Amino acid sequence: MPHGDFSDIAALSLIGSGIQQMLYPFNHLGQVGFLQSVVPKPTLPMSADAELMCQFLGGLLLMIGCTLFTVRWNTINGKLSGLALIVAAANGVYRTYFYDKVVVPRP
């Protein structure tokens with residue numbers, strides 16, 4: 001399967017959205033240009049729990065995007081997906097550590 005089909009467009013959208021959500025989570029809850037009359041105004045500043053949730057989910061979006069971009073029914077193409085899983089796990093550990101300021105083992 002060549003690149004350039006719908007799964008690649010979805011993958012690039014998920015990768016871009018995941019990176020943006022990990023770095024700037026408050027942008028996802030801001031005004032949405034042409035939808036300002038439909039979308040209610042967000043309550044800023046964002047709570048720490050909501051910010052942590054958005055940043056954590058950004059890592060998962062990045063992982064799903066990389067998976068859609070590379071896996072083409074061939075087992076040798078899973079390297080980028082594995083790297084994205086490592087980045088998502090590191091993002092989760094980083095966000096959890098700076099949220100609690102201590103490593104807390106959780107079940």
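Student: How do the axes of H2 and H3 lie to each other, and what makes the pair parallel or antiparallel?

Tutor: In this predicted model, the axes of H2 and H3 come within 8 Å and cross at roughly 175 degrees. An angle over 145 degrees counts as roughly antiparallel, and therefore H2 and H3 are given that description.

Student: Which residues make the contact of H2 with H3?

Tutor: From H2 the contact takes Ala48, Asp49, Leu52, Gln55, Phe56, Gly59, Leu62, Met63, Cys66, Thr67, Phe69 and Thr70. From H3 it takes Leu80, Ser81, Ala84, Leu85, Val87, Ala88, Asn91, Gly92, Arg95, Thr96 and Tyr99. By class, there are 13 nonpolar, eight polar and two charged residues.

Student: Why is asparagine 91 called buried?

Tutor: Buried means under 20% relative accessible area. Asparagine 91 has 6% relative accessibility, so it counts as buried. The residue lies in helix H3, which runs over residues 79–100.

Student: What does asparagine 91 touch?

Tutor: Leaving out residues up to four places away in sequence, asparagine 91 touches Met22, Gln55, Phe56 and Gly59. Gln55, Phe56 and Gly59 are among the residues of H2 in the contact with H3, while Met22 is one of the buried residues of H1.

Student: Is serine 81 buried or exposed, and how do you know?

Tutor: The value for serine 81 is 9% relative accessibility, and with the limit for buried at under 20%, serine 81 therefore counts as buried. Serine 81 also lies in helix H3. Its contacts, not counting residues up to four places away in sequence, are with Cys66, Thr67, Thr70 and Val71. Between serine 81 and leucine 68 there are 8.6 Å in space, C-alpha to C-alpha, and the two are 13 residues apart in sequence.

Student: What makes the buried residues of H3 line one face?

Tutor: The buried residues of H3 are Ser81, Ala84, Ala88, Asn91, Gly92 and Arg95. Viewed down the helix axis, they fall within an arc of 100 degrees, so they line one face of H3.

Student: Which exposed residues are on the face of H3 turned away from its buried side, and what covers the buried side?

Tutor: The face turned away carries the exposed residues Lys79, Ile86 and Val93. The cover over the buried residues of H3 includes helix H1 (6–23) and helix H2 (48–70).

Student: How do you know that the length of H3 agrees with its number of residues?

Tutor: H3 has 22 residues, which at 1.5 Å a residue should span 32 Å. The end C-alpha atoms of H3 are 32 Å apart, so the two values agree. Just after H3, lysine 101 takes a positive phi of about 65 degrees.

Student: What are the corresponding lengths for H2 and H1?

Tutor: H2, with 23 residues, reaches 34 Å from its first C-alpha to its last, close to the expected 33 Å. H1, with 18 residues, reaches 26 Å, close to the expected 26 Å.

Student: Which residues of H1 are buried, and what puts them on the same side?

Tutor: Ser7, Asp8, Ala11, Ile15, Gly18, Gln21 and Met22 are buried in H1. They cover an arc of only 160 degrees around the axis, so they are on the same side of H1. On the other side of H1, Phe6, Ile9, Leu12 and Leu23 are exposed. The buried residues of H1 pack against H2 and H3.

Student: Which residues of H2 are buried, and what do they pack against?

Tutor: Cys54, Gln55, Gly58, Gly59, Leu62, Met63, Gly65, Cys66 and Thr70 are the buried residues of H2. They pack against H1 and H3.

Student: Where is leucine 52, and what does it touch?

Tutor: Leucine 52 is in helix H2. Not counting residues up to four places away in sequence, leucine 52 touches Arg95, Thr96 and Tyr99. Leucine 52 and proline 25 are 27 residues apart in sequence, with 8.5 Å between their C-alpha atoms.

Student: How many helices and strands does the protein chain have, and what part of it is buried?

Tutor: The protein chain has three helices and zero strands, and its elements run α-α-α from the N terminus on. Of its 107 residues, 24% count as buried. Among contacts between residues at least 6 apart in sequence, 65% join residues at least 24 apart.

Definitions and conventions: Residues numbered from 1 in each chain as written. Predicted model: local features only at pLDDT ≥ 70, side-chain atom pairs only at ≥ 80, totals over all residues. Heavy atoms only, no water. Helix = DSSP H or I, 4+ residues; strand = E, 2+ residues; numbered from the N terminus. Buried < 20%, exposed > 50% of the residue type's maximum accessible area, 1.4 Å probe, protein only. Contact = heavy atoms within 4.5 Å. Expected span 1.5 Å × (residues − 1). Arc of directions from axis to C-beta. Axes fitted to C-alpha atoms, helices over the stretch in contact; angles between N-to-C directions. Parallel < 35°, antiparallel > 145°, perpendicular 65-115°, else oblique. Nonpolar A, V, L, I, M, F, W, Y, C, P; charged D, E, K, R; others polar.
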